[in-house]
Amino acid sequence: MTARPLPDAEQLVAALIEKMRGNVAPDTGLIGIVTGGAWLAERLHTALKLDVPFGTLDVSFYRDDFQHKGLKRKVAPSDIPFEVEGRDLILVDDVLYTGRTIRAAMNELFDYGRPSRIRLASLVDRGGRELPIAAQFVGATIEAGQSVELKRDAQGRLSLALSTD
Amino acid sequence: MFLTSNPQLNKNGELHHLLSIEGLPGEILRQILDTAESFVGVTRREVKKVPLLRGKAIFNLFFEPSTRTRTTFEIAAKRLSADVINLAINVSSQSKGESVLDTVANLAAMQADMFIVRHSQSGAPHLIARHVSEDIHVVNAGDGRHAHPTQGLLDMFTIRHYKQDFRQLKVAIVGDILHSRVARSQIHALTTLGVPEVRVIGPKTLLPTNVDNMGVHVYHDMAKGLKDVDVVMMLRLQNERMHGSFLPSPQEFFKFYGLTAEKLALAKPDAIVLHPGPMNRGVEIDSTVADGSQSVILPQVTFGIAIRMAVMSILAGN
């Protein structure tokens, strides 16, 4: 277990916005992975003043651990309110770890169409990759001995917490 | 019938087979409805398929003919990327004298992962579920007069889609309750999901004698039964299950229990009309109603695919 405190999520959001600004066009499509990534995509979308609405993806139907874990209780509908075909996309997630969620997300995206490019933005990268996946935009790289998750309070403020699962 | 141990649930209380809505907790019904909601989105995409059940073998075992139910199960399984094998068994091994359990044992030996079973005898899917190995799942696609759980679930999905809150509704089920497995599944689902007033309307000869034990209000008169309801669920008059004189004639039935625009006007102005299909137009429902603005009969068919995708994927994951 790490004794080091987790970074402040709001500062990481600000850092991520600065890294992405200048690297997006008004018609770039942001797609947040439910749940933390969707909150983050909403924030990035507002800050980057993008024209197209952001989308959300619940990758449960594409996960490679379905055989072991089954379906989670509540699968949110994926919602992509723009044409994927030919579009420049940025996948947004809160924590990048094994890369398996991102693989599932890319598989799902291609069932909507063929994007011209997909990049990845993640609030934190905690290493531990099991697939050849890297993020182009990262808020911070951290070392954590256990799972980290994003939380959102009633005022919409984001924070990072160690999770138990 | 299965009050002490529910054969549909595994030791963790999760759904392992779907045999009947009776005895299932509301939490499981809501899980199926919620999961189906997400599959509705999938079926609106360019590629209407997810890889969830890739490599799984799903056998449609239809010991009784059906086009719509078999087709929607097949579409649902294919949209989950499973391999589907359709068997109409009344025309193959059964006619050569093989028993149901022998047929199923042979198919299990072909590495089946799931059986979708339709049978004219009540309890046949239960029998199969008791005898398959524990890695095989069984879905009841309609057995005799007993149950048709996926139809009941897609009806609940349709009602929730249009009416949101079950706890505010008056629902009437109309017609041949006696022979209807659909009605039984609907009644169990509606009461489990908290509908405060479920009515059944039909002639005495087409109502089961124990119907008031199921927590419903019984009416023999459409004018009284349809008054102020939010949902009208019509049933098909099942000529093939009637051996005896239950009715003077279909024309007589239509006169008293057929849903016409005049009778529907007694329900709330925004009431919706459901029918499990196939419809006997001019017997239990008039065409002006079946094709009218309050009819949600075709959306029921579309939602049926999402419900069956949800049931199959939840079972396969448990």
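The dialogue below takes up these features one after another.

Mentor: Please note at the outset that this is a predicted model.

Trainee: Into which domains is chain B divided?

Mentor: The residue ranges of a domain should be read with care, as a domain may be assembled from separate segments. In chain B, domain 1 comprises 26-148 + 302-317, and domain 2 comprises 149-298. Taken over C-alpha atoms, the centres of these two domains of chain B are separated by 26 Å.

Trainee: How many residues of domain 1 of chain B are in contact with domain 2 of chain B?

Mentor: Contact here requires heavy atoms within 4.5 Å. On that criterion, 29 residues of domain 1 of chain B touch 28 residues of domain 2 of chain B. Between them the two domains of chain B bury about 2,300 Å², with 61% of it on carbon and sulfur atoms. On the domain 1 side, the residues that lose the most area to domain 2 of chain B are B:Arg145, B:His148 and B:Phe303, which together make up 33% of what that side buries.

Trainee: Where does the second largest pocket lie, and why is it placed there?

Mentor: The placement of a pocket is read from the residues that line it. Both domain 1 and domain 2 of chain B give residues to the lining of the second largest pocket, so this pocket lies between them. It holds about 480 Å³ of space. The lining has 28 residues, and those nearest the pocket centre are B:Thr69, B:Arg118, B:Pro276, B:Gly277 and B:Pro278.

Trainee: Which helix gives the most to the lining of the second largest pocket, and what is the lining by class?

Mentor: Helix α11(B) gives the most, with 5 residues. In chain B, α2 (68-79), α5 (149-163), α6 (181-192) and α11 (297-317) each supply at least two lining residues. By class, the lining of this pocket has 12 polar, 8 charged and 8 nonpolar residues.

Trainee: Which residues of helix α4 of chain B are buried?

Mentor: For a helix, one asks which residues are buried and what they pack against. In α4 (residues 124-131) of chain B, the buried residues are B:Ala124, B:Pro125, B:His126, B:Ile128 and B:Ala129. These buried residues of α4(B) pack against α3 (100-108), β3 (114-119) and β4 (137-143) of chain B.

Trainee: What area is buried between chain A and chain B?

Mentor: The area is about 1,600 Å², of which carbon and sulfur atoms give 57%. In chain A, A:Phe61, A:Phe66 and A:Arg73 lose the most area to chain B, together 42% of what that side buries. As for contacts, 16 residues of chain A meet 21 residues of chain B.

Methods. Residues numbered from 1 in each chain as written. Chains lettered and ligands numbered in written order. Predicted model: local features only at pLDDT ≥ 70, side-chain atom pairs only at ≥ 80, totals over all residues. Heavy atoms only, no water. 1 Å grid on protein atoms, 1.4 Å probe; cavity = no way out; pocket = protein on both sides within 12 Å on 5 of 7 lines; lining within 4 Å. Points joined across faces, edges and corners; volume = space filled by probe spheres on them. Helix = DSSP H or I, 4+ residues; strand = E, 2+ residues; numbered from the N terminus. Nonpolar A, V, L, I, M, F, W, Y, C, P; charged D, E, K, R; others polar. Domains from an automatic or database assignment. Buried < 20%, exposed > 50% of the residue type's maximum accessible area, 1.4 Å probe, protein only. Buried area = accessible area lost by both parts, 1.4 Å probe.
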